[in-house]
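Here is a colleague's note to read beside the coordinates. Please keep the viewer open as you go.

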Amino acid sequence: MNAAVIRKVATRMIPHPNELDCKRIERALSARKRYRYVSPNVKAVRGGYLIESPCCSRNIDAEGGLIDVALIHYDTVCGMWKLFRKNHANGSWEFYSIYHRLISAIEDLNTDPERLFWL
């Protein structure tokens with residue numbers, strides 16, 4: 001007897017980036033402690049979100065152009081959020097911390113007690 005076997009292929013949706021979380025991040029950034037007078041941009045990037053902002057301090061960009069502030073990446077393997085800061089001196093992303101929830105990452109970004117993100 002020949003029987004047809006239906007094989008299920010596991011397909012997982014990539015949860016991030018998505019428009020809902022992009023808007024959540026944009027809204028949450030309004031509660032930040034530093035540089036409240038500029039409007040940061042949140043861009044969807046593969047696996048997460050890039051936060052850019054005009055450089056008001058002129059420390060990084062003397063003309064006040066857009067600079068990278070943070071990268072929030074969702075690790076699908078462990079189901080955790082990773083927050084990165086931009087090292088503008090060498091142009092690389094540096095790991096900052098890991099979080100169970102997106103809102104926790106945003107809270108650290110908003111408070112920025114060490115002044116590593118909002119320069």
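The points below go from the overall layout to single residues.

1. **Ground rules.** This is a predicted model, in which local features need pLDDT of at least 70 and side-chain atom pairs count only at pLDDT 80 or more, while totals for chains, interfaces and linings use all residues. Residues are numbered from 1 along each chain as its sequence is written, and side-chain values use heavy atoms, with hydrogens and water left out.

2. **Elements.** The protein has two helices and five strands, and from the N terminus on they run α-β-β-β-β-β-α. Both kinds of element are DSSP runs numbered from the N terminus: helices are H or I with at least four residues, strands are E with at least two.

3. **Totals.** Of the 119 residues, 37% count as buried; here buried means under 20% relative accessible area, exposed means over 50%, and partly exposed is in between (1.4 Å probe, protein chains only). The accessible surface comes to about 7800 Å², with 51% of it belonging to carbon and sulfur atoms. Those areas come from the Shrake-Rupley method with a 1.4 Å probe, and for residues only the protein chains shown count as cover. Among contacts (heavy atoms within 4.5 Å) with a separation of 6 or more, 39% are between residues 24 or more positions apart.

4. **The sheet.** The five strands form an open sheet in the order β1-β2-β3-β4-β5, and the pairing is antiparallel. At the edges are β1 (41-45) and β5 (92-99), each of which pairs on one side only. From one strand to the next the twist averages 25°. Two strands are called paired if DSSP finds at least two bridges between them. As a reminder, strands of a sheet pair through backbone hydrogen bonds, either parallel or antiparallel.

5. **Pairing in detail.** β1 and β2 pair in the antiparallel sense over five bridges, with Val45 standing opposite Gly48 in β2. Their hairpin has two residues between the strands, and Gly47 takes a positive phi near 80° there. Next along, strand β2 (residues 48-54) and β3 pair over seven bridges, again in the antiparallel sense. One partner to look up is that of Pro54, namely Leu66 in β3.

6. **Helix on sheet.** Which strands does α1 lie across? They are β1, β2 and β3, and the helix runs at about 35° to β2. For such angles, axes are lines fitted to C-alpha atoms, for helices over the stretch in contact, and the angles run from 0 to 180 degrees between N-to-C directions.

7. A search of the whole structure finds six salt bridges, each a side-chain nitrogen of Lys or Arg within 4 Å of a carboxyl oxygen of Asp or Glu. One of them joins the side chains of Arg24 and Asp21 at 2.7 Å, N to O. Both residues lie in helix α1 (residues 19-28), three residues apart, about one turn of the helix. Arg24 is partly exposed because its relative accessibility is 36%, whereas Asp21 counts as buried at 7%. Glu26 and Lys23 form another salt bridge, their closest N and O atoms being 3.5 Å apart, and they too sit in α1, three residues apart. Glu26 is partly exposed at 33%, as is Lys23 at 39%.

8. Lys82 and Asp75 meet through their side chains at 2.9 Å, N to O. Lys82 counts as partly exposed because its relative accessibility is 22%, while Asp75, at 15%, counts as buried.

9. **Asp68.** This residue lies in strand β3 (residues 66-75). Is Asp68 buried or exposed? At 19% relative accessibility, Asp68 counts as buried. Its side chain makes a polar contact of 3.0 Å with that of Lys86; such a contact is a pair of N or O atoms within 3.5 Å, where within protein one must be able to donate a hydrogen and the other to accept it, and residues adjacent in sequence count only if both atoms are side-chain atoms. Leaving aside neighbours within four places in sequence, the contacts of Asp68 are Leu50, Ile51, Glu52, Lys86, His88 and Trp93.

10. **Leu29.** Finally, look at the loop between α1 and β1, where Leu29 lies. Leu29 is buried, with a relative accessible area of 1%. Not counting residues up to four places away in sequence, Leu29 touches Pro40, Val42, Ile51, Leu109, Asn110 and Trp118. Leu29 and Leu109 are 80 residues apart in sequence, yet 8.2 Å apart in space, C-alpha to C-alpha.
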